[in-house]
Protein chains: 2
Amino acid sequence: LPFESDRLRVVLVNARNPLNIGAAARAMSNFGFRNLRVVNPFQVAFQEARSAVGASGVLARAEQCTTVAEAVADCALVVGTTAVRHRDLLHRLKPLEEGGSLIRERLQTGGLQRDNVAVLFGSEKYGLSNEDLSHCHWLLHIRTEDEHISMNLGQAVAVCLYELMRSAGEGAQLQPKIKDVNPAPAEEVERITQMLFEALRLSGYVKPRTEGSTEEKVRRLIRRLSLRSPDAVAWQGMLHRIVLKLRRDAKK
Amino acid sequence: LPFESDRLRVVLVNARNPLNIGAAARAMSNFGFRNLRVVNPFQVAFQEARSAVGASGVLARAEQCTTVAEAVADCALVVGTTAVRHRDLLHRLKPLEEGGSLIRERLQTGGLQRDNVAVLFGSEKYGLSNEDLSHCHWLLHIRTEDEHISMNLGQAVAVCLYELMRSAGEGAQLQPKIKDVNPAPAEEVERITQMLFEALRLSGYVKPRTEGSTEEKVRRLIRRLSLRSPDAVAWQGMLHRIVLKLRRDAKK
């Protein structure tokens, strides 16, 4: 099936090396993807990458964001990438072959669940943080050798995009699953997360010392619900009411 | 089928950039290939790549050759790589998906034609020369966009090696699917429903006239979440806290 590559956002989080940013953009040009977003890049690195000889049009139109939430706001599926295999599995981990075909389904023209998809890549040194990961629905994993699991950033981007294009023709027989029709966009899901978090804060569930990790936990829990858009609206309505009540009570 | 990755020789011909040599070696480590040969590299570049921080064992054991003939001498299949699509087709050009599986066959343990295989990559600027190509049985081609056919050397190596490893394990079930494991039992789900419903009643979301239909709506919403058991426990903890707070406030 035809494939809307413009619906994919490649998101580099905290990239530090201009060569890697350039390499990621080059792989995007090679495989026909145009939408690059960089979250909180080293300004020097980003400028250097942009002004490098042969820098692609992809870099010229790249968008800079200050948060992951902003970078994925218009996406209904948010996928992280990770080299780490045995990290506590808070997320479902899908090998690239399988995850790639799920992403392709979402990008198919005329597919039942035709969505924008974000694929996140972390910094060269640390990968994606737990906070970054809490925005993700699941994680992509490139199978590598146990002793050499960590890939170069530019190469990881190239391999992932290759896999997406690889079977673009093959995927024709994929049946879109009706189950996940019309998933809620990330900004609505994030709004729900913030509302629930406020309700938890107002009711004393959140402890000051662990506020950060509780917020991540809540975010992950909500992402795992894979909310559909109409349901997301209902949840917002309910949580909004609960939060208003708790706020009013707190003022008494 | 098991796969003898040590039978593959990755051959870089006239590589000029130490970073690319290093990147090629890193991708080899990632995907479990050990035999790198460099033909006539810029000595400075090669030494620099070798002495770089984090240079892999692959580079330490890389063999330097002065001619392509020498580098492929012990191989029964020699495959070139090319970005160029419409060059006079003196060679058969195979897309990576197809060519990769032909190479894999040759590397299979106990395969009928179990051979050493060389895959050649040309210089960053010129690719493989006609002389280099004359050593090849056929050419591998990574499908790219017409306007951006030329890939970065390190990325091209990574993508080719990924393809070779990609389906090596396809038969074996890699990841038990975590997806639907351990769904929450109905009584837990119903407990969550009741908690949420109470929170909604205490915060004025539920109207007396429509109480019955609101409860049904909430129950359906929660069922659609398909909660897994550990997540159900977390939701109960959060809702319990919110309900307690609302109850206490109501008594004030």
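**Between and within chains A and B**

Colleague: Which is B:Arg166, buried or exposed, and what is the relative accessible area?
Modeller: B:Arg166 counts as buried, a word used for under 20% relative accessible area, with exposed for over 50% and partly exposed in between (1.4 Å probe, protein chains only). Please bear in mind that this is a predicted model, where local features need pLDDT of at least 70, side-chain atom pairs count only at pLDDT 80 or more, and totals for chains, interfaces and linings use all residues. Residues are numbered from 1 along each chain as its sequence is written, chains are lettered from A and ligands numbered from 1 in written order, and side-chain values use heavy atoms, leaving out hydrogens and water. For B:Arg166 the relative accessible area is 8%.

Colleague: Which helix of chain A gives the most residues to the side that touches chain B?
Modeller: Between the two chains there are 25 residue pairs in polar contact, both at pLDDT 80 or more (N or O atoms within 3.5 Å; within protein, one able to donate a hydrogen and the other to accept it, and residues adjacent in sequence count only through side-chain atoms on both sides). At least two residues each come from α1, β5, α5, α7, α8, α9 and α10 of chain A, where helices (H or I, at least four residues) and strands (E, at least two) are DSSP runs numbered from the N terminus. With 10 residues, the top contributor is α10(A).

Colleague: How much area do chain A and chain B bury between them?
Modeller: In contact terms (heavy atoms within 4.5 Å), 62 residues of chain A meet 61 of chain B. Buried area is the accessible area (1.4 Å probe) lost when two parts are put together, summed over both. Here 61% of it is on carbon and sulfur atoms, and the total is about 5,400 Å².

Colleague: Nice! How far apart in sequence are the parts that A:Arg143 and A:Glu97 tie together?
Modeller: Their side chains form a salt bridge of 2.5 Å, N to O. A:Arg143 is in the loop between β7 and α7, whereas A:Glu97 is in helix α5, so the parts tied together are separated in sequence by 46 residues.

Colleague: Lastly, which ring does the charged end of A:Arg16 sit over?
Modeller: The rule asks for NZ of Lys or CZ of Arg within 6 Å of the ring centre and within 35 degrees of the ring normal. In chain B, the charged end of B:Lys94 sits over B:Trp138, 5.4 Å from the ring centre. For A:Arg16 the distance is 3.7 Å, and the ring is that of A:Phe42.

Conventions
Salt bridge = Lys/Arg side-chain N within 4 Å of Asp/Glu carboxyl O.
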